[in-house]
Amino acid sequence: MTFIESIRRTVGRGAKTVEPDAEPTVAAVPAASQTAPGPAVDIAPTDPLFAYLQAAPGVVDAERLELDSAALAELRGGGVKVIVPLVTQGELIGALYLGPRLSDQDYSTDDRKLLSTLAAQAAPAIRVAQLVREQAVEIQARERLEQEMRVATLIQQQFLPRELPQLHDWQVAAYYGPARAVGGDFYDFIPLPDGRIGIVVGDVTDKGVPAALIMARTQSVLRGEAPRLQSPAKVLERANEILLPEMPARMFVTCLYMILEPETGRVVYANAGHNLPYVRTADEVIELRATGMPLGLLPGMDYPEHEAVLAPGQSVLLYSDGLVEAHDPAGGMFGFPRLKELMAVERPGSDLIDHLLDELHRFVGRGWDQEDDITLVALQRTGGRAVALADHDPDRAGERVLLQVSLPGAAGNERLAMDRVAEAVEPLGLEPARFERLKTAVSEAAMNAIEYGSQNDPAIPVEVEAVVVDDDLVVRISDRGLGGPMGEAEEPDIDKKLAGEQKPRGWGLFLIKHMVDAMEVTTHGTGQTVSLTLHLKGVDDDSQSVPG
Amino acid sequence: MTASPFRAEVRSTTDLATIVLHGDINVAAEGDLGAAYAAVGASGASTVLLDFSDTEYINSTGIALIVRLLADARRDRREVRACGLSPHYVEIFQITRLSDYMRIYDDAASAGDVATLTATGGQP
């Protein structure tokens with residue numbers, strides 16, 4: 001009898017099909033030659049032979065077996081006469097394939113008994129060997145991963161700021177919590193000329209060492225370019241150009257870069273695909289909106305620059321998506337609305353972060369496996385003088401700001417815009433007719449901004465500003481321009497409308513033009529602004545602009 | 001001043017039906033205003049009076065609803081009158097020339113409304 005000459009894995013475990021080139025573990029036999037190895041036939045778990053062997057009581061006669069099995073046909077073709085299943089704890093872990101006896105006699109009853117006994121003893125031993133090998137491979141992989149994570153963490157730690165900036169009238173706090181698999185989050189504070197400070201929060205797609213290396217590179221680029229280029233838009237543009245050729249496939253970096261002027265509270269910022277910062281004002285929590293493509297994706301990207309002013313008492317939170325994308329045990333997401341709600345409660349800087357983390361841990365529950373890095377940077381302005389945004393723009397010097405408010409772009413909020421402006425300009429003591437006209441003009445301009453600029457999306461705000469400049473009251477209503485620039489509307493004509501030649505709607509711009517002394521529409525990088533002007537002096541209060 | 005949901009009441013006599021407009025007249029008023037005019041049609045009145053005395057806010061989408069009602073009334077050969085408008089909205093009716101197509105009165109009585117409340121549109 002020719003016996004086992006090679007051990008080879010022949011069957012898959014569970015539902016997996018064994019790879020043809022899987023590592024050898026279980027037996028095959030010589031067929032044509034008495035010394036050559038037999039056929040190395042893998043039996044797929046879906047092959048009927050698999051189930052048959054798993055349930056077979058002992059040695060199986062391959063020639064007499066009637067099964068529609070590709071593996072069986074292949075074994076027979078290779079000269080296999082009997083198959084000895086190797087089963088342990090009900091699991092088929094392999095099989096011995098035997099060719100004809102040297103004597104060409106059939107296998108005897110004793111032979112079969114011997115083979116069965118051998119299989120019964122070999123199967124558990126082979127299984128143990130398999131398990132030991134699998135465990136060794138797993139340990140090796142885990143050690144490799146742990147080593148990689150140690151390196152990634154080390155890189156990450158080298159590049160995160162060692163201390164927070166000390167700013168007069170500001171409370172600064174930051175938190176970085178790496179996930180077990182260490183993502184590519186980063187934050188930075190970059191000292192700039194004139195006491196300004198650059199604030200960076202970013203996130204590299206991917207995890208581990210590759211992400212850590214890209215994070216380190218991005219941070220180096222930003223630290224190098226920020227003091228030289230100054231403008232956040234230019235810094236991100238330059239960083240994109242530098243990183244693009246170096247970026248591995250399927251990786252990119254989201255990043256928000258903000259420059260803070262601590263003395264005035266003015267922030268200038270641009271965004272490369274990162275989460276929008278939240279600002280908590282006395283009344284509400286708003287997003288600082290800014291859009292732009294992530295770094296390292298496409299060449300020639302522009303990053304529109306925006307400005308805001310943080311008044312004393314206000315705070316801003318920059319954060320990565322590890323917080324908002326954390327899941328509770330039921331699979332629910334922490335989410336932006338929850339973060340916004342938590343922001344709404346007034347807390348000094350470090351307390352805000354502590355509070356957010358407390359709420360996060362309450363949300364995710366015990367035994368949470370943190371999926372992604374979490375980075376939070378909070379700045380609260382604790383003192384200083386209130387400076388309106390207009391004061392920083394040389395073109396807008398001398399403006400007295402009565403109102404600056406950002407309203408959700410939800411249908412119906414034109415009424416809110418109207419009421420806020422009315423409240424703000426009331427001290428000017430406008431003649432009642434002009435006051436009412438201004439209200440109508442504001443309502444119509446805000447309705448246009450909400451309907452077209454924000455597409456009625458509450459998440460896309462409309463900014464309303466009222467200022468006095470020289471002897472004029474100017475109300476500016478700015479939108480995000482989602483509906484494109486405002487076109488020239490057809491002059492509404494009641495005769496045509498009643499005759500069905502014009503639609504009943506289309507009165508908005510017409511009304512605005514007749515309600516104020518001047519209306520101007522300007523288109524800019526982030527949308528468009530409608531400016532409504534009422535002269536405060538030298539007007540005939542009874543004048544009405546009724547068409548003839 | 002806060003937003004005030006729209007509702008409309010209709011009261012009618014043989015010749016005149018009054019639609020009393022309560023609250024803001026904007027795009028949200030479309031359904032109730034349409035229902036109110038349908039009730040006027042059912043009354044058979046030859047004149048419809050729009051009573052704006054309980055309305056503080058009309059925007060351009062509200063103007064469009066009034067234009068539509070006016071067009072429907074002209075189709076039905078029904079006269080439209082208006083009353084109770086604040087001076088500001090009288091001005092807007094003049095600017096838009098709605099006043100060319102509807103006579104404007106100070107109040108319901110001077111517009112000829114002596115009817116009693118008989119039907120409603122919208123929620124009380």
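The questions and answers below concern a predicted model of chains A and B.

Residues are numbered from 1 along each chain as its sequence is written, and chains are lettered from A, ligands being numbered from 1, in the order in which they are written. In this predicted model local features need pLDDT of at least 70 and side-chain atom pairs count only at pLDDT 80 or more, while totals for chains, interfaces and linings use all residues.

Q: How many helices and strands are there in chain A?
A: Helices (H or I, at least four residues) and strands (E, at least two) are DSSP runs, numbered from the N terminus. By this count the secondary structure of chain A comes to 12 helices and 20 strands.

Q: What percentage of the residues of chain A count as buried?
A: A residue is buried if 20 or more other C-beta atoms lie within 10 Å of its own, exposed if 12 or fewer, and partly exposed in between, with C-beta atoms placed from the backbone. Chain A has 548 residues, and the share that counts as buried is 39%.

Q: Which pattern does chain B follow along the sequence?
A: Chain B has 3 helices and 6 strands. Of its 124 residues, 51% count as buried. Read along the sequence, the pattern of chain B is β-β-α-β-α-β-α-β-β.

Q: Among contacts in chain B between residues at least 6 apart in sequence, what percentage join residues at least 24 apart?
A: Two residues are in contact if their C-beta atoms, placed from the backbone, lie within 7 Å. In chain A, residues 24 or more positions apart account for 67% of the contacts with a separation of 6 or more. For chain B, among contacts between residues at least 6 apart, those joining residues at least 24 apart make up 75%.

Q: In what order do the 5 strands of the open sheet in chain A stand?
A: Two strands pair if DSSP finds at least two bridges between them. Strands S7 (184–191) and S13 (306–309) of chain A each have a single partner strand, so one side of each is left without a neighbour in the sheet. The twist averages 20° from one strand to the next. The pairing is antiparallel, and the order in chain A is S7-S8-S9-S10-S13.

Q: Which residue in S8(A) is the bridge partner of A:Gly184?
A: S7(A) and strand S8 (residues 197–204) of chain A run antiparallel and are joined by 8 bridges. In S8(A), the partner of A:Gly184 is A:Val204.

Q: Is A:Asp194 buried or exposed?
A: A:Asp194 lies in the loop between S7 and S8 of chain A. Its phi is positive, about 65°, although it is not a glycine. Because 7 other C-beta atoms are within 10 Å, A:Asp194 is exposed.

Q: What is the phi of A:Gln89?
A: A:Gln89 is found in the loop between strand S4 (82–88) and strand S5 (91–98) of chain A. With 8 C-beta neighbours inside 10 Å, A:Gln89 counts as exposed. Although A:Gln89 is not a glycine, its phi is positive, at about 50°.

Q: Why is strand S3 of chain B largely enclosed by the rest of the structure?
A: Strand S3 of chain B spans residues 47–54. S3(B) is largely enclosed because the buried residues number 6 of the 8.

Q: What is the handedness of the β-α-β crossover from S2(B) to S3(B)?
A: A crossover is right-handed if, with the strands pointing away from the viewer, the path from the first strand over the helix to the second runs clockwise. Strand S2 (residues 16–22) of chain B runs parallel to S3(B), with 6 bridges joining them, and the bridge partner of B:Leu16 in S3(B) is B:Thr47. The chain crosses between these strands through helix H1 (residues 30–43) of chain B, and the crossover is right-handed.

Q: Through which helix does the chain cross from S3(B) to S4(B)?
A: S3(B) and strand S4 (residues 79–83) of chain B pair in the parallel sense over 5 bridges. B:Thr47 has B:Glu79 as its bridge partner in S4(B). The β-α-β crossover from S3(B) to S4(B) is right-handed and passes through helix H2 (residues 60–75) of chain B.

Q: Which element gives the most to the side of chain A that touches chain B?
A: The contact takes 21 residues from chain A and 24 residues from chain B. Elements giving two or more residues to the side of chain A are helix H9 (414–425), H10, helix H11 (494–498) and H12 of chain A. The element that gives the most, with 5 residues, is H10(A).

Notes:
Axes are lines fitted to C-alpha atoms, for helices over the stretch in contact, and angles run from 0 to 180 degrees between N-to-C directions.
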